[in-house]
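Here is a short report on one protein chain. Please look over the sequence and the model before reading on.

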Amino acid sequence: MHKKSRLRTPYWDWTERDNGMEATIGNNAGTAPVHLLFALRQSMDMLFEEQLENVFQRHRLLAEAVRRAVGVWAEGQVLGFNIAEPTNARTTVTTVLMTGGHDPAALLRYCKEKCRRGARRRHR
C-alpha cells in the first residue's frame, strides 16, 4: 500500500524500511509507530466483537452511573457538574468541579481503592 499512496512522507514511506531497520538509521524521521497500528487493529477488533450498539449502550450506562454518583456527591456540596444543563451532557465525558475547597486527592484515592477493586472483580 505504501507504494501506491499519494500521501508519501519520509515518516510513512516504507520503501527505505523494506531493507531492514539497519539501513534506515539516520535516513528517516524516526521509528514508525508500528505497535500503535497493531493496537489500533486490536481495539477495532474488540469493538466489532462487542458490536457497536452494545459499545454505545455500555457508554450510555456508564455515563448515567457517573452522573448519578456525582449528583449524590453534589448534595453534600463537595462536587458539582461543570455542565449544569443535563441536555448538554455527553456520554463520553462528564466534567466535574470541586467546590468548597475540598482536596481532590481524597476523591481520587477513594475511587482508586474502592471503585477499581469492584471493577476488577466484575471482569474476572
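## Asparagine 82 and valine 96

Asparagine 82 is in contact with Thr95, Val96 and Leu97, leaving aside its neighbours within four places in sequence. This model is predicted. Asparagine 82 sits in the loop between strand E1 (79-81) and strand E2 (96-98). Between asparagine 82 and valine 96 lie 5.1 Å in space, C-alpha to C-alpha, and the two are 14 residues apart in sequence.

Valine 96 belongs to strand E2. Its contacts, with neighbours within four places in sequence left aside, are Val70, Leu79, Gly80 and Asn82. The C-alpha atoms of valine 96 and isoleucine 83 are separated by 7.9 Å, and these residues are 13 apart along the chain.

## Overall layout

The protein has three helices and two strands. From the N terminus on, the order is α-α-β-β-α. Of the 124 residues, 10% are buried. The protein exposes about 10400 Å². Carbon and sulfur atoms supply 58% of that area.

How much of the contact set links residues 24 or more positions apart? Such pairs account for 18% of the contacts with a separation of 6 or more.

Arginine 60 is found in helix H2, which covers residues 52-75. The side chains of arginine 60 and glutamine 57 are joined by a polar contact of 3.0 Å. Not counting residues up to four places away in sequence, arginine 60 touches Glu53 and Thr91. Threonine 91 is 31 residues from arginine 60 in sequence, yet their C-alpha atoms are 5.4 Å apart in space. Arginine 60 has a relative accessible area of 35%, so it is partly exposed.

Glycine 71 is also a residue of helix H2. Its relative accessibility is 27%, so glycine 71 counts as partly exposed. The C-alpha atoms of glycine 71 and phenylalanine 81 are separated by 7.9 Å. Along the chain, these two residues are 10 apart.

Where is glutamine 51 placed? It lies in the loop between helix H1 (34-50) and H2. Phi of glutamine 51 is near 80 degrees, a positive value in a residue other than glycine. Most residues other than glycine have a negative phi.

Glutamine 51 counts as exposed because its relative accessibility is 51%, and the exposed class starts over 50%.

## The second largest pocket

The second largest pocket has a volume of about 180 Å³. Its lining includes Arg67, Phe81, Ile83, Ala84, Glu85 and Pro86. Ala89, Arg90, Val93, Thr94 and Thr95 also line the pocket.

What is the make-up of this lining, by nonpolar, polar and charged residues? The residues divide into six nonpolar, two polar and three charged.

Conventions
Residues are numbered from 1 along each chain as its sequence is written. This is a predicted model: local features need pLDDT of at least 70, side-chain atom pairs count only at pLDDT 80 or more; totals for chains, interfaces and linings use all residues. Side-chain values use heavy atoms; hydrogens and water are left out. Helices (H or I, at least four residues) and strands (E, at least two) are DSSP runs, numbered from the N terminus. Buried means under 20% relative accessible area, exposed over 50%, partly exposed in between (1.4 Å probe, protein chains only). Contact means heavy atoms within 4.5 Å. Accessible areas come from the Shrake-Rupley method with a 1.4 Å probe; for residues, only the protein chains shown count as cover. A polar contact is a pair of N or O atoms within 3.5 Å; within protein, one must be able to donate a hydrogen and the other to accept it, and residues adjacent in sequence count only if both atoms are side-chain atoms. On a 1 Å grid over the protein atoms alone, a cavity is a set of points where a 1.4 Å probe fits but cannot get out, and a pocket is an open set with protein on both sides within 12 Å along at least five of seven lines; lining residues have an atom within 4 Å of a point. Grid points are joined across faces, edges and corners, and a volume is the space filled by probe spheres set on the points. Ala, Val, Leu, Ile, Met, Phe, Trp, Tyr, Cys and Pro count as nonpolar, Asp, Glu, Lys and Arg as charged, and the others, Gly among them, as polar.
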